[in-house]
Amino acid sequence: MQKGTFHQDMKVSTLLRVYCLYRVSTKGQVDHNDIPMQKQECHEFAKRMGWTICKEFYEKGISGYKISANKRDAIQDLKIAAEKKEFDILLVFMFDRLGRIENETPFVLEWFVKSGIAVWSAKEGQQTFENDTDYLMNYIRFWQAGGESRKTSIRVKTRLGQLVEEGRFTGGVCPFGYRFIKSGVFNKKGKELVTLEINPEEAAIVRFIFDKTVREGYGTWRLSSAINKLGYKTHNGAKFQANTVNRILNNSIYTGRFVRGGKSSEVIDEIKIIDDYAYEEAYKILKERSKKREERNSIAFTTKGKALLSGNIYCAHCGARLYTTTYSNPVTLSDGTVKRYTGLKYMCTNKARGRGRCEGQGQYIVERIDAIVLETVNDLLNKIHDNIKDVTIKRNYERVLKEKRDLYAGLMKEYSKEQDKLKKLVEEVGKALINESVFSVDIINQSINQSKTRLAELEEKIPKALKELNDQDGMLKNLDQYYDQFIGWADSFASASLEEKKMIICRLISRIEIGRDYNVNIVLNVNYSQFVE
């Protein structure tokens, strides 16, 4: 039997056997004496009617709007009792105690009546089904009840949204990294509300999670293992799991904002643990990792292992991704001793599996490729660090933005003209058919086909041009962030750990192509290519 549901037997004293059902939606209503009020009203009504109540069913904290009758123990117990003819009358305070689901509850009430049970409300009287009006009134009653529940839900969500925008904690589980403190604010029941305060020790773990995710590409399983080794537990006293870390990375509370129901407060410095940049970068990484392996572009598959490149390295000949594997070569020393040297190599997927035609090498030594990429990236970042000028970069971005805006506007203008042209050509066909045009039908049809072809070409170019325009506009708006990030990489790359270098390379470079004789072609991420240009 579900929590909050029980029944109480009472002595039968009349021929009419009456069962009562009392229900409240929340535990708070129980505290507010709602069930005793319903019980008192039903007992007084039964006394006036000369009935004796035989059994009472109680539902505490059970929503009649959200929970189906099929999942409510009290309703199911009453149905079983009705089928066994154990009672004659079902009495409720109001009919909505049976439920508030407009496409279900009317039929629940109807089921009891058709099963020979008279259903009465202490406030609304008896519900019968003797004519069409009875059926209509039954449906309307629960339609109104469902509407009231929706209105209540809207009012509650609206008020919660307002409280969130005011920067007030609206309840729930205390997130890891915080602890509850008394707010000095009391609700209508006189209970003091709580708010959040940063727990310094736990906040350090939250920063550790975001830092390792963004800077070194740690996955959630790897992070949970690291935290468990440090001996930390969740607020429930359990070990950290991958989904525990994932919830932390997805919770914007750590940026100092209360968020609920699409509403967000301004930043509250007292509860801010990480900055927006760390949260947004972590979000991008999680989103990228949720994609299929072959669709990822800017995130390393893994930052574990000794190979520098992962996720964005391709064969220059067939376009297939390269993967990392180990090799072991026997070498005979001068004294005749055979020693095995092991290492790593990148292999073309198509070449290794014999799929399609690939004229490239089957394998490339990891150390050689990594050394070439490292030298190129180091040289690139050093030059950028020495020569980059913020004003020049901004002007370049603005120049490209203007070019893309002009291109999009030109395409839209041409599309509009071509549509007008096609409309006139179609009108000209009618004139040609009655010999009022200087052109033949064949010539006009040829022009119409040419116009349709051009419109089709423009319909392909316009969305692409709009996307490039919006992307460039977004880059310009985030220019300071990209600039600081680029300079930060230039400052830290030489001393960075292998994991950090892997993350920087994957975000700086969108594609690395490897060809025969170790020819390497590096394609920069579009967000940073203009810095280099």
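Modeller: Contact means heavy atoms within 4.5 Å. This is a predicted model, in which local features need pLDDT of at least 70, side-chain atom pairs count only at pLDDT 80 or more, and totals for chains, interfaces and linings use all residues. Residues are numbered from 1 along each chain as its sequence is written, and side-chain values use heavy atoms, with hydrogens and water left out.

Biologist: Which residues does Leu-91 touch?

Modeller: Not counting residues up to four places away in sequence, Leu-91 touches Val-18, Tyr-19, Cys-20, Leu-21, Cys-42, Phe-45, Ala-46, Trp-120, Ser-121 and Ala-122. Leu-91 lies in strand β4 (residues 89-92); strands (E, at least two residues) and helices (H or I, at least four) are DSSP runs, numbered from the N terminus.

Biologist: Is Leu-91 buried or exposed?

Modeller: Leu-91 is buried, with a relative accessible area of 0%. Buried means under 20% relative accessible area, exposed over 50%, and partly exposed in between (1.4 Å probe, protein chains only).

Biologist: Let us turn to aromatics. How many aromatic pairs are found?

Modeller: A search of the whole structure finds twelve aromatic pairs. Rings of Phe, Tyr and Trp (its six-membered ring) pair if their centres lie within 6.5 Å; planes under 30 degrees apart count as stacked, over 60 as edge-to-face and the rest as tilted. In one of the pairs, the rings of Phe-210 and Tyr-279 have centres 6.4 Å apart and planes at 40°, so this pair is tilted.

Biologist: Where do Phe-210 and Tyr-279 lie?

Modeller: Phe-210 is in helix α6 (residues 200-216) and Tyr-279 in helix α9 (residues 276-289), so that pair links parts of the chain 69 residues apart. Both Phe-210 and Tyr-279 are buried. Ring pairs also link these two with Tyr-178 and Tyr-254 into a cluster.

Biologist: Why is the pair of Tyr-364 and Tyr-518 classed as it is?

Modeller: The ring centres of Tyr-364 and Tyr-518 are 5.5 Å apart and the planes are at 90°, so the pair is edge-to-face. Tyr-364 belongs to strand β14 (residues 363-365), whereas Tyr-518 is in the loop between β15 (509-515) and β16 (519-524), 154 residues apart. Tyr-364 is buried at a relative accessible area of 1%, and Tyr-518 is buried at 12%.

Biologist: Which charged end sits over the ring of Tyr-518?

Modeller: That of Arg-368, 3.8 Å from the ring centre. A charge sits over a ring if NZ of Lys or CZ of Arg is within 6 Å of the ring centre and within 35 degrees of the ring normal.

Biologist: Next, the sheet. What is the strand order of the open sheet of three strands?

Modeller: The order is β11-β15-β16, with mixed pairing; two strands pair if DSSP finds at least two bridges between them. β11 (313-315) and β16 stand at the edges with a single partner strand each, so one side of each is left without a neighbour in the sheet. β11 and β15 run parallel and are joined by three bridges. The bridge partner of Tyr-314 is Glu-513 in β15.
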